[in-house]
Amino acid sequence: MIVDMEECGVCEDCIDVCMEEAIERRAYTIIIDASKCDSCGECVDVCPVGAIYEE
Ligand code: SF4
Ligand code: SF4
């Protein structure tokens, strides 16, 4: 998963929904750890601005 930081409002909804704890906030950036992600798609569905894409 990749995050388009041009669109992301850093609301952290994706962090809350990720059961794998693969998403982390660092300052004003959202980082997804591909080694933890199981591609469930929950973060894509929850993002209010459609900023998360499957690679
Ligand atoms: S849910 Fe979307 S807008 Fe909110 S922090 Fe995650 S990527 Fe950014
Ligand atoms: S696809 Fe699922 S496991 Fe991967 S970052 Fe999004 S919520 Fe977490």
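Predicted model: local features only at pLDDT ≥ 70, side-chain atom pairs only at ≥ 80, totals over all residues.
**View 1**

**View 2. Inside the largest nonpolar core.** A nonpolar core is a set of buried Ala, Val, Leu, Ile, Met, Phe, Trp, Tyr and Cys residues joined through side-chain atoms within 4.5 Å. Buried means under 20% relative accessible area, exposed over 50%, and partly exposed in between (1.4 Å probe, protein chains only). The largest core has 13 residues, and C14, I23, I30, C43 and I52 touch the most other members. Zoom in on I30: leaving aside residues up to four places away in sequence, I30 touches V3, M5, C8, V10, C14, I15, I23, E24 and R25, where a contact means heavy atoms within 4.5 Å.

View 3. Most residues other than glycine have a negative phi. V10, though, has a phi near 55 degrees, and E21 has one near 50 degrees. V10 sits in the loop between strand 1 (2-3) and helix 1 (13-17), while E21 is in the loop between helix 1 and strand 2 (23-26). Helices (H or I, at least four residues) and strands (E, at least two) are DSSP runs, numbered from the N terminus. E21 counts as exposed, at 63%.

**View 4. A pair of salt bridges.** Side chains of opposite charge can pair when their charged atoms come close. A salt bridge is a side-chain nitrogen of Lys or Arg within 4 Å of a carboxyl oxygen of Asp or Glu, and the count here is two. In one, E12 meets R25, with the closest N and O atoms 2.8 Å apart. That pair links distant parts of the chain: E12 is in the loop between strand 1 and helix 1, R25 is in strand 2, and they are 13 residues apart. E12 is partly exposed at 27%, and so is R25 at 33%. In the other, E24 and R26 meet at 3.0 Å, N to O. E24 is partly exposed at 38%, as is R26 at 47%.

**Notes.** Residues are numbered from 1 along each chain as its sequence is written, and chains are lettered from A and ligands numbered from 1 in the order in which they are written. Local features need pLDDT of at least 70, side-chain atom pairs count only at pLDDT 80 or more, and totals for chains, interfaces and linings use all residues, while side-chain values use heavy atoms, with hydrogens and water left out.
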